[in-house]
Amino acid sequence: MAARTMLCALLLLQVAGTLADEHSVYGNEFYSKLADLEIAANMTDKQASHHLLPPVGTQYECNLPSSPDVPTSVHQLRPGDIKWVTGVGDSITAAFGAKSSTIITIQTEYRGIAWSMGGDDTIEKVTTVPNFMKKFNPQVQGWSIKTGKATSANSRYNRAISGAIAKDIPGQVRGLVEKMKADPELDYENDWKLLTIWIGGNDLCRVCKNDPDHNPENYILYVQQALDYLHIGDGESGPVPRLFVNMVQILDVSRLSEVSGILCSIVHFVACSCATTDGESAREKVRVAALEYQRLTNDLVMGGRYDTRDDFTVVLQPFFIETQVPKKDGKADTSFFAPDCFHFSGKGHAASAVALWNNMLQPVGLKSVEWNLGEEPICPNEAQPYLFTRLNSPAISSNVQLSSGATGNDPAAQPLSTNTTKIAVASGCASLALVTMVAALFIVKRKKTAALTERTPLVPPAAEPNV
């Protein structure tokens with residue numbers, strides 16, 4: 001017993017050191033130390049693997065054939081015409097910790113259930129955009145499976161990298177294009193490809209550092225560089241043919257401050273204190289930056305810059321703009337989040353997948369700007385068979401009712417709505433953990449001496465302009 005207590009103490013001191021080391025704030029060392037605590041408390045990695053949360057499935061019956069002939073226009077593209085799905089972004093698209101119920105497995109990237117790129121099982125068992133698309137084209141390829149980092153074979157065309165910021169997206173996109181060109185199974189010139197981009201959460205978490213890379217003007221510059229490369233190419237590479245790009249608007253991460261708990265507060269402090277634990281002034285700075293990210297992204301995409309080719313377009317998908325933290329009994333519903341209270345759980349990924357799928361099938365100007373939890377996924381039909389773009393949306397009447405093909409979520413696939421953020425540490429070790437971690441937080445706080453720069457709140461952008 002004495003040896004075990006000593007082990008706990010040593011590990012907690014390591015956690016404290018990690019918390020106090022500003023150079024490790026955005027790395028994985030913090031999560032590793034917390035995982036060590038659970039292992040020390042008699043939960044092994046093997047035992048933790050038996051406590052993974054199940055993904056959420058959706059019953060979805062919808063039949064719409066692909067186009068009789070391969071379309072040449074992106075504005076006449078049906079879901080079944082897509083041959084390849086691809087994605088770039090950060091830890092959310094990598095599905096960091098998505099099936100974890102404890103800190104031990106939080107660092108695992110469960111890419112097979114990622115909202116925009118996962119392809120494990122079927123839509124009835126795992127709700128993802130690629131699994132929706134399998135209903136219309138069982139041969140669609142590119143989706144990620146199981147677990148792994150961006151460079152693993154399981155990742156396939158899910159090139160998202162945990163910790164990525166906007167500055168990394170041009171490089172991710174270039175790597176994606178190079179991979180597509182080198183793939184003998186992919187007909188680069190003729191196959192229709194879907195790319196989903198979501199980036200900016202880590203940038204918002206760092207706006208208090210006053211690093212120019214995270215300014216709204218530079219954020220949108222990096223996004224534009226990536227989209228321009230896809231649209232017109234550069235001196236070494238030409239434009240990417242037959243590509244439909246989902247540009248998903250960023251979420252205001254300051255709303256995560258509503259997800260509370262001891263472990264939540266610790267992780268929030270380490271991973272994203274500016275948006276959560278640094279006070280209302282800091283959170284307001286994040287909110288203002290998020291609004292600017294959204295406004296500038298709206299202006300870039302909606303101005304027609306990417307509508308000059310008939311086989312390429314970028315469509316703004318705005319469902320995260322007004323998305324709030326889900327509530328249960330008046331409190332944040334932590335079942336939508338991984339144990340770190342920061343990343344999505346399988347339930348959160350499923351909700352995001354339905355929201356993105358529906359955005360893709362809603363006309364520009366009529367797209368949802370928030371999660372509508374429990375909403376049924378849209379079923380395209382012969383009257384409205386195409387993925388909506390800025391140029392094909394004006395022909396659609398604003399009062400047309402979009403049909404739904406869902407028969408409801410599978411209750412058996414729903415994860416338990418329990419607080420999964422409680423770390424499984426023996427009571428004695430837990431008490432010592434709390435004291436040590438709180439002390440570490442004070443150490444870090446004293447090291448943060450830079451004053452926050454105040455900014456005047458901006459007028460929120462129009463969520464989705466009608467055209």
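User: How many disulfides are there in this predicted model?

Analyst: The count comes to four disulfides. The model is predicted.

User: What makes Cys-62 and Cys-379 a disulfide?

Analyst: The cut-off is a pair of cysteine sulfur atoms within 2.5 Å. Here the S to S distance is 2.0 Å, so the pair qualifies. The angle about the S-S bond is 85°, and the link is right-handed.

User: Which parts does that link tie together?

Analyst: Cys-62 lies in the loop between strand 1 and strand 2. Cys-379 lies in the loop between helix 10 and strand 8. The pair therefore ties together parts that are 317 residues apart in sequence.

User: Why does Cys-62 count as buried?

Analyst: Buried means under 20% relative accessible area. Cys-62 has 4%, so Cys-62 counts as buried. Cys-379 has 12%, so Cys-379 is buried by that rule too.

User: How do you know that Cys-205 and Cys-272 form a disulfide?

Analyst: Their sulfur atoms are 2.0 Å apart. The limit is 2.5 Å, so they form a disulfide. This link is left-handed, with -95° about the S-S bond. Cys-205 is in helix 6 and Cys-272 in helix 8, 67 residues apart.

User: What makes Cys-264 and Cys-341 a disulfide?

Analyst: S to S is 1.9 Å. That is within 2.5 Å, so the pair is a disulfide. Cys-264 lies in helix 8, and Cys-341 in the loop between strand 7 and helix 10. Both Cys-264 and Cys-341 are buried.

Note on methods. Residues numbered from 1 in each chain as written. Predicted model: local features only at pLDDT ≥ 70, side-chain atom pairs only at ≥ 80, totals over all residues. Heavy atoms only, no water. Helix = DSSP H or I, 4+ residues; strand = E, 2+ residues; numbered from the N terminus. Buried < 20%, exposed > 50% of the residue type's maximum accessible area, 1.4 Å probe, protein only.
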